[in-house]
Amino acid sequence: MPEGHLVHRYAGEQHAALAGRTVRAVSPQGRFDAAPYDGRAVERVEALGKHLLYVFDAAPVVHVHLGMRGLFLRRDDPATPPRAGTRLRLATDAVAFDLIAPIRCESLADGEVAALAASLGPDPLRPGADREEAVRRLASYSGPVGAAVLDQGVWAGIGNAWRAELLFLAGLDPGARGVGAAAAGRLWDDAVRYLALGRDAGQVVSDPAAPDERWVYKRDACRRCGAAVRTWTLASRTAYACPVDQGR
């Protein structure tokens with residue numbers, strides 16, 4: 001599943017290409033009613049955690065969640081025909097974006113957009129994200145910290161790869177409970193820093209000196225100390241931890 005850094009990257013790319021422009025909107029697959037958006041101007045494209053919002057002039061907001069299999073295809077020649085399975089194409093005279101296999105592509109009224117935003121915790125990549133609230137939510141979580149950071153109502157945009165790498169950087173075992181405010185603050189600051197690096201690079205970056213490497217995620221041995229990486233299921237996903245650098 002694309003994590004928050006990639007969703008923000010998609011939002012930035014599409015905002016730059018579409019905002020302030022009138023678009024042609026079609027649904028070749030026929031599973032989305034694109035007619036209300038055809039010939040409308042896009043005001044902005046933004047990310048909320050793993051969610052994308054397309055704000056149009058005089059039309060409802062379009063909400064997209066890519067899920068596990070969703071993706072975008074960018075067509076620098078908008079005359080290129082879309083795939084038959086394209087849920088939504090948004091095109092200008094210069095570019096087209098084809099949305100394939102999302103789990104959500106729907107119109108939302110203003111109240112529904114507000115409800116979506118209220119259901120999510122602070123997003124480390126959103127300007128003005130409330131650090132104090134982020135720390136409060138994580139520090140007050142009663143379960144394991146490895147479950148907390150995947151809970152989108154605690155922090156928005158963190159997925160399994162970032163969970164593994166951020167907790168490693170913070171020296172926290174995913175199974176640890178009762179993380180205090182100081183540790184929660186350090187973890188939030190790391191999330192703000194490293195997710196921004198990941199957004200700009202288009203991949204998880206947990207070591208700027210070796211951006212293609214990971215510390216523990218999907219590794220047999222810790223890249224720092226060489227200890228065998230522990231794996232187990234936590235919050236329905238595989239957790240990764242170094243028993244030395246993330247000792248309980």
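Predicted model: local features only at pLDDT ≥ 70, side-chain atom pairs only at ≥ 80, totals over all residues.

Reader: Which residue in E10 stands opposite Arg230?
Author: Two strands pair if DSSP finds at least two bridges between them, and helices (H or I, at least four residues) and strands (E, at least two) are DSSP runs numbered from the N terminus. Here, Arg230 stands opposite Ala241. The strands concerned, E9 (residues 230-234) and E10 (residues 237-241), run antiparallel and are joined by five bridges. Their hairpin has two residues between the strands, and Ala235 takes a positive phi near 55 degrees there.

Reader: What is the order of the strands in the open sheet of four strands?
Author: In a regular strand the side chains alternate between the two faces of the sheet. In this open sheet the order is E1-E6-E7-E5, with antiparallel pairing. Strand E1 (24-26) and E5 are the edge strands, each pairing on one side only. From one strand to the next, the twist averages 15 degrees; angles run from 0 to 180 degrees between N-to-C directions, and axes are lines fitted to C-alpha atoms, for helices over the stretch in contact. Five bridges hold the antiparallel pair E6 and E7, and Leu88 has Leu99 in E7 as its bridge partner. Helix H1 lies across E5, E6 and E7 and runs at about 145 degrees to E7.

Reader: Where is Thr92 placed, and is Thr92 buried or exposed?
Author: Buried means under 20% relative accessible area and exposed over 50%, with partly exposed in between (1.4 Å probe, protein chains only). Thr92 lies in the loop between strand E6 (86-91) and strand E7 (96-100). With a relative accessible area of 6%, Thr92 is buried. Not counting residues up to four places away in sequence, Thr92 touches Ala17, Leu18, Arg21, Thr22, Val23, Arg24 and Pro78 (contact means heavy atoms within 4.5 Å). Its side chain also reaches the backbone nitrogen of Ala94 at 3.0 Å.

Reader: With which side chain does the side chain of His51 make a polar contact?
Author: A polar contact is a pair of N or O atoms within 3.5 Å; within protein, one must be able to donate a hydrogen and the other to accept it, and residues adjacent in sequence count only if both atoms are side-chain atoms. The partner is the side chain of His63, at 2.8 Å. His51 is found in strand E3 (residues 51-56) and counts as buried at 13% relative accessibility. Beyond its neighbours within four places in sequence, the contacts of His51 include Val7, Glu46 and Leu120. A further case occurs at the start of helix H3, where a side-chain oxygen of Asp130 reaches to within 3.1 Å of the backbone nitrogen of Glu132.

Reader: Which residues are buried in helix H3?
Author: In H3 (residues 131-139), the buried residues are Glu133, Ala134, Val135 and Leu138. What covers them includes H4 and H6.

Reader: How many aromatic pairs does the structure hold?
Author: Rings of Phe, Tyr and Trp (its six-membered ring) pair if their centres lie within 6.5 Å; planes under 30 degrees apart count as stacked, over 60 as edge-to-face and the rest as tilted. The structure holds six such pairs. One of them, Tyr10 and Phe72, is edge-to-face, at 5.6 Å centre to centre with 70 degrees between the planes. Tyr10 lies in helix H1 (residues 4-18) and Phe72 in strand E5 (residues 71-75), so this pair ties together parts that are 62 residues apart in sequence. Both Tyr10 and Phe72 are buried.

Reader: Why is the pair of Trp155 and Trp188 edge-to-face?
Author: Their ring centres are 5.1 Å apart and their planes stand at 75 degrees, so the pair is edge-to-face. Because Trp155 lies in the loop between helix H4 (145-148) and helix H5 (160-170) and Trp188 in helix H6 (residues 181-201), the pair ties together parts that are 33 residues apart in sequence. Trp155 is buried at a relative accessible area of 1%, and Trp188 is buried at 3%.

Reader: Which charged ends sit over the ring of Trp215?
Author: A charge sits over a ring if NZ of Lys or CZ of Arg is within 6 Å of the ring centre and within 35 degrees of the ring normal. The charged end of Arg223 is 4.0 Å from the centre of the Trp215 ring, and that of Arg224 is 5.2 Å from it.

Technical notes:
Residues numbered from 1 in each chain as written. Heavy atoms only, no water.
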